[in-house]
Amino acid sequence: MDILVYAIKMELDGEKYYKEQAELNRDNSLYKVFMDLAKDESEHAKILEDKARGLYYRSNDSVQASVQNVFARVSDLKDVSLSQDQVDIYRVALEMEKKSIDLYKKLLSESAADEELYKFLIAQEEEHYETLEEIIKIANRPKQWVEAAEFGEREEY
């Protein structure tokens, strides 16, 4: 399979996965986070499809704004109670993002002509990776943190 076709499929699989997670979290603030991630993956697939057709790449300001919105929403996840099964699902998504980052780094090393495109996609996927890491961190806090003055100063959350 051509590596660009593989990358497009990976982005579309990511979009589908994030939409499924959004539906599972329709009743809390993770819904919007996952819908934003799905939208980003869809945009990435369109960018790669254009590249495959030989069209010029241009970064999309709405994709940049969407990533910033995702991070703003993650910091507001106070109404979310995640089970260990859900945390495992987010770890799967984290691994998907890592594979995307690795693939785009490989493509970047092989193609100086498309440097801007691959750097953009790497940055986007790294943002997604950080978002998922933050969700996992928030989900695991109740199991890892003890809130009591006798245990010293703790990070605000």
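This is a predicted model: local features need pLDDT of at least 70, side-chain atom pairs count only at pLDDT 80 or more; totals for chains, interfaces and linings use all residues.
**Starting with the contacts**

What share of the contacts in the protein with a separation of 6 or more comes from residues 24 or more positions apart? The answer is 76%, where a contact means heavy atoms within 4.5 Å.

Residues are numbered from 1 along each chain as its sequence is written, and side-chain values use heavy atoms, with hydrogens and water left out.

**The overall picture**

The protein has 5 helices and 0 strands, so its elements read α-α-α-α-α from the N terminus on, given that helices (H or I, at least four residues) and strands (E, at least two) are DSSP runs numbered from that end.

Of the 157 residues in the protein, 40% are buried. Buried is under 20% relative accessible area, exposed is over 50%, and partly exposed is in between (1.4 Å probe, protein chains only). The protein exposes about 9100 Å², with carbon and sulfur atoms supplying 50% of it; these areas come from the Shrake-Rupley method with a 1.4 Å probe, and for residues only the protein chains shown count as cover.

**Helix α1**

Take a look at α1, which covers residues 3-24. Its 22 residues reach 31 Å from the first C-alpha to the last, close to the 32 Å expected (1.5 Å times one less than the number of residues). At its start, a side-chain oxygen of aspartate 2 comes within 3.2 Å of the backbone nitrogen of leucine 4.

The buried residues of α1 include Leu4, Ala7, Ile8, Glu11, Glu15, Tyr18 and Ala22. An α-helix has 3.6 residues a turn, so residues three or four places apart point the same way.

**A cluster of rings**

The structure holds 3 aromatic pairs. Rings of Phe, Tyr and Trp (its six-membered ring) pair if their centres lie within 6.5 Å; planes under 30 degrees apart count as stacked, over 60 as edge-to-face and the rest as tilted. Tyrosine 17 and tyrosine 18 make an edge-to-face pair, 6.1 Å centre to centre with 70° between the planes. Both tyrosine 17 and tyrosine 18 are buried.

Tyrosine 18 also pairs with phenylalanine 34: their ring centres are 6.0 Å apart and their planes sit at 25°, so this pair is stacked. It links distant parts of the chain, with tyrosine 18 in α1 and phenylalanine 34 in α2 (residues 30-52), 16 residues apart. Phenylalanine 34 counts as buried because its relative accessibility is 0%. Ring pairs join Tyr17, Tyr18, Phe34 and Tyr90 into a cluster.

**Two nonpolar cores**

A nonpolar core is a set of buried Ala, Val, Leu, Ile, Met, Phe, Trp, Tyr and Cys residues joined through side-chain atoms within 4.5 Å. The largest has 16 residues, and Tyr18, Phe34, Tyr90, Leu132 and Ile135 touch the most other members. The elements giving two or more residues to this core are α1, α2, α4 and α5 (115-144). Its largest share, 5 residues, comes from α2.

Leaving aside residues up to four places away in sequence, leucine 132 touches Tyr18, Phe34, Tyr90, Ala93, Leu94 and Glu97. A second, separate core has 15 residues, among them Ala7, Ile8, Ala45 and Leu121.

**One more spot on α4**

Arginine 91 is found in helix α4 (residues 84-110). At 37% relative accessibility, arginine 91 counts as partly exposed. Its C-alpha is separated by 8.2 Å from that of glutamate 133, 42 residues apart along the chain.

Key
A polar contact is a pair of N or O atoms within 3.5 Å; within protein, one must be able to donate a hydrogen and the other to accept it, and residues adjacent in sequence count only if both atoms are side-chain atoms.
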